[in-house]
Amino acid sequence: MAIDAIDRSGLTKELRQGLATELQEAFIKLAKAQEEERGHVEEEEKKKEEEETDLLPPWAKIAEPHRWLLGASAAVRVEYHPDFGRHVLAGRNVVAGEVLFVERPLVSYLDPEEAATTTEFCHECFSKVSVPVPCPTCSRVVFCSRRCRGRALSSHHQVECRTHHVFRGVGLDDKCLVMLAFRAVAQRPHAFFAENAERLFGGHDVQRGAGDNEEEEGVLDVDDAGYRALFCLVTHESSRQDMDVATKTVFAVFLLECLKVAGYFGDISDEDSVEVAAVVVGRLLLHFLMAFQFNTHMVEGVYDNRLICSHDAETRIWKEAKK
Ligand SMILES: [Zn+2]
Ligand SMILES: [Zn+2]
């Protein structure tokens, strides 16, 4: 398009050729720079993962991992009781000081309660930032490294970068439960939800993983198991007041419209197909809004270590807040 514009510019042939050559060289340089950036990110990613593995002192590692319950020790087992729901029991004697859970969050959100929070902490890993790495297209977030920026831009931030000003404008950006529901969707492409509409998001099994059901869980890979666990959290939908469900539905529709405006469905060419995909995603937004209300935990003042705590072994949602 730029070469076309040069051709139609009315400049002399020599000038046009000169400009076109400069433009092509600039594109080649840009492509090389992007290639190098990708290389750096991959390098950083590998280094950081090695560091993270080494970060945990020996006493904080799980000696005997559970066969399928991610981040759990084999010392625990999941049970279900109609009176108090799904819960974890010790499956054998637990030694004093034995680590039973070490988890990464499946969805997390940095609470922007104080303005400084957004520039002091990495929006991907929540580490305290010493040399901020900016987002290339907004000034609302910072990252601790190109690795974290690369991760965020390839998942939630490619959408949130375009919606943040809307959320800030309507006062939603500090409603962490709403933002968590949005991020749970935004961090994965719509095709993931469509392809797994039945397999992962088909049956709301609040007894998932308990007792005899545990064998079937072993067949899911890590990512799928995480989303299946997320979907099967309790929502208490049947006990909710109509007005509560109606309010959450309005939120879900609003979030869905934000996704559309941000180009989340941009790779779908016809409107009918967009609507089909939007129904799947909208239903999940509503479900996550209801589930997160009863399954999130605020982690206050824990910035420099990664110990994730949760009352439910399968809940990997947490809310970061600055006290
Ligand atoms: Zn980071
Ligand atoms: Zn941004």
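pLDDT is the predictor's confidence in each residue, on a scale from 0 to 100. The structure above is a predicted model, in which local features need pLDDT of at least 70, side-chain atom pairs count only at pLDDT 80 or more, and totals for chains, interfaces and linings use all residues. Residues are numbered from 1 along each chain as its sequence is written, while chains are lettered from A and ligands numbered from 1 in the order in which they are written.

**Confidence**

The mean pLDDT of the chain is 81, and 80% of its residues reach 70 or more. Helices (H or I, at least four residues) and strands (E, at least two) are DSSP runs, numbered from the N terminus. The table shows where confidence is highest and lowest in the chain.

| Element | Residues | Mean pLDDT |
|---|---|---|
| Helix α10 (highest) | residues 242-261 | 96 |
| Strand β7 (lowest) | residues 317-321 | 44 |

Over residues 301-323, pLDDT stays under 50. Where pLDDT is low, the predicted coordinates should not be read in detail.

**Overall build**

In total, the chain has 11 helices and seven strands. Of its 323 residues, 30% count as buried; that is, 20 or more other C-beta atoms lie within 10 Å of the residue's own, with C-beta atoms placed from the backbone (12 or fewer makes a residue exposed, and anything in between partly exposed).

Strands β1 (residues 76-81) and β2 (residues 85-90) pair in the antiparallel sense over six bridges; two strands pair if DSSP finds at least two bridges between them. A hairpin of three residues joins β1 to β2, and Val-76 has Ala-90 in β2 as its bridge partner.

**The core and helix α11**

A nonpolar core is a set of buried Ala, Val, Leu, Ile, Met, Phe, Trp, Tyr and Cys residues joined through C-beta atoms within 7 Å. The largest one here has 55 residues, and Leu-180, Ala-181, Leu-259, Leu-285 and Leu-289 have the most contacts inside it. Helix α11 gives the most to this core, with 11 residues.

Helix α11 has 23 residues and reaches 33 Å from its first C-alpha to its last, close to the 33 Å expected at 1.5 Å a residue, a span found as 1.5 Å times one less than the number of residues.

Leu-285 is found in helix α11. Leu-285 counts as buried because 26 other C-beta atoms lie within 10 Å. Leu-285 and Val-185 are 100 residues apart in sequence, yet 7.1 Å apart in space, C-alpha to C-alpha.

Technical notes. Two residues are in contact if their C-beta atoms, placed from the backbone, lie within 7 Å.
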